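User: Could you take a close look at one part of this model for me? I would like one connected walk-through, with the cut-offs spelled out.

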Amino acid sequence: MPSDINTREKYLNDMVCLMLADGHIKNEEVMCCKLIAKSFGYKPEVIDAMILDIIRELDAEDEITFDNPIF
């Protein structure tokens, strides 16, 4: 586990971006990201917040839209 908080946050953000890259959010991918977040010392819900933030950013740029019942 990276000891630096900024590195941990970057890694989590990168993982969430990779998960969203194909435009599909699979429950298994979310659960994997949450498990890693927990191992980094975060609450699993931080992944939900990251997903929503990234989707909002992408929607605001009109690049992509997600219609997933999870989010």
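User: Let's start from the charged pairs: which residue's side chain meets that of Asp14 in a salt bridge, and how many Å is it from N to O?

Analyst: Happy to. The partner of Asp14 is Lys10, and their side chains meet at 3.0 Å, N to O. A salt bridge here is a side-chain nitrogen of Lys or Arg within 4 Å of a carboxyl oxygen of Asp or Glu. Before going on, a word on the ground rules: this is a predicted model, in which local features need pLDDT of at least 70 and side-chain atom pairs count only at pLDDT 80 or more, while totals for chains, interfaces and linings use all residues. Residues are numbered from 1 along each chain as its sequence is written, and side-chain values use heavy atoms, with hydrogens and water left out.

Asp14 and Lys10 both sit in helix α1, 4 residues apart, about one turn of the helix. Helices are DSSP runs of H or I with at least four residues, strands are E runs with at least two, and both are numbered from the N terminus. Asp14 is partly exposed, at a relative accessible area of 32%; with a 1.4 Å probe and protein chains only, buried means under 20%, exposed over 50%, and partly exposed in between.

Asp53 is partly exposed at 42%, whereas Arg56 is exposed at 53%. Lys34 and Asp48 have their closest N and O atoms 3.2 Å apart. Lys34 belongs to helix α2 and Asp48 to helix α3 (residues 45-60), so this pair ties together parts that are 14 residues apart in sequence. Lys34 counts as buried at 19%, while Asp48 is partly exposed at 22%. Leaving out residues up to four places away in sequence, Lys34 touches Pro44, Ile47 and Asp48, where contact means heavy atoms within 4.5 Å.

Now back to α1 and its packing. Helix α1 (residues 5-20) and helix α2 (residues 27-39) pack at about 175 degrees, with axes 10 Å apart. That makes α1 roughly antiparallel to α2. The axes are lines fitted to C-alpha atoms, for helices over the stretch in contact, with angles from 0 to 180 degrees between N-to-C directions; under 35 degrees counts as roughly parallel, over 145 as roughly antiparallel, 65 to 115 as roughly perpendicular and the rest as oblique. From α1 the contact uses Leu12, Met15, Val16 and Met19, and from α2 it uses Glu29, Val30, Cys33, Ile36 and Ala37.

Leu12 also takes part in the largest nonpolar core, which has 15 residues; those with the most contacts inside it include Leu12, Val16, Met19 and Ile47. Such a core is a set of buried Ala, Val, Leu, Ile, Met, Phe, Trp, Tyr and Cys residues joined through side-chain atoms within 4.5 Å. Helices α1, α2 and α3 each give two or more residues to this core, and α3 gives the most, with 5 residues. Beyond its neighbours within four places in sequence, Leu12 is in contact with Cys33, Ile36, Ala37, Phe40, Tyr42, Ile47 and Met50.

As for the whole protein, it has 3 helices and 0 strands, and buried residues make up 28% of its 71 residues.
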